[in-house]
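Thanks, everyone. I have a few local features to walk through. Please look at the sequence and the model together.

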Amino acid sequence: MDRLRIVIGSDDAGFDYKEILKKDLLASDLVESVTDVGVDVNSHTPYPRVGVAVGEAIAAGEADRGLLVCGTGMGVAMAAGKVKGVRASVAHDSFSVERLVLSNNAQVLALGQRVIGAELARRLVREWLTYRFDENSASAEKVAVLDTYESTGSC
């Protein structure tokens, strides 16, 4: 299995989990590299800037996947999803994390530090690293519709 280049970020409300998850990612055999786009312990950065930074790193080919954490995961997911070519979503359970990748070829997983416990977040990220989208799957046609809409404005 190919090792993944991960870009990670959080706002203040997700900082603690970001640091925990970053350590796990750095220790994983499934991860080639981890780029942290913030925040740090002394920074206050609005969540849209962090979400967009993660999305831009993926769109530029600098990372394969992105991991974002804020209070709920929703704000950073919406921000990353504004970047052309990036699919991002919140997922707080194993089945949703699986479908995020296998059904939707989403590059960005967003988590909410105020919504789930740290051990569940760690488990979901470990699971997320094991999934790869199958370009020959039944879902590939559906993802292609999203790509077409994004590039042409029609389905």
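First, a term: a helix here is a DSSP run of H or I with at least four residues, numbered from the N terminus. Keep in mind that this model is predicted.

Start with glutamate 98. It lies in helix H4. What does glutamate 98 touch, leaving out residues up to four places away in sequence? Ser103 and Tyr131. Its side chain also makes a polar contact with the side chain of arginine 99, at 3.0 Å. Now look along the chain. Tryptophan 128 is 30 residues away from glutamate 98 in sequence, yet their C-alpha atoms are separated by 6.6 Å.

Next, the backbone. Most residues other than glycine have a negative phi, and most peptide bonds are trans. Asparagine 105 is not a glycine, but its phi is positive, about 50°. Where is asparagine 105 found? In the loop between helix H4 (94-102) and strand E5 (108-112). Asparagine 105 has 22% relative accessibility, so it counts as partly exposed; buried would mean under 20%.

Then the peptide bond. Glycine 38 and valine 39 are joined by a cis peptide bond, with omega about 5°. Valine 39 sits in the loop between strand E2 (31-36) and helix H2 (47-59).

Last, helix H3, residues 74-81. Which residues of H3 are buried? Gly75, Val76, Ala77, Ala79 and Ala80. And what covers them? The cover includes H2, strand E3 (65-70), strand E4 (88-90) and E5.

That is my list. Over to you.

Technical notes. Residues are numbered from 1 along each chain as its sequence is written. This is a predicted model: local features need pLDDT of at least 70, side-chain atom pairs count only at pLDDT 80 or more; totals for chains, interfaces and linings use all residues. Side-chain values use heavy atoms; hydrogens and water are left out. Helices (H or I, at least four residues) and strands (E, at least two) are DSSP runs, numbered from the N terminus. Buried means under 20% relative accessible area, exposed over 50%, partly exposed in between (1.4 Å probe, protein chains only). Contact means heavy atoms within 4.5 Å. A polar contact is a pair of N or O atoms within 3.5 Å; within protein, one must be able to donate a hydrogen and the other to accept it, and residues adjacent in sequence count only if both atoms are side-chain atoms.
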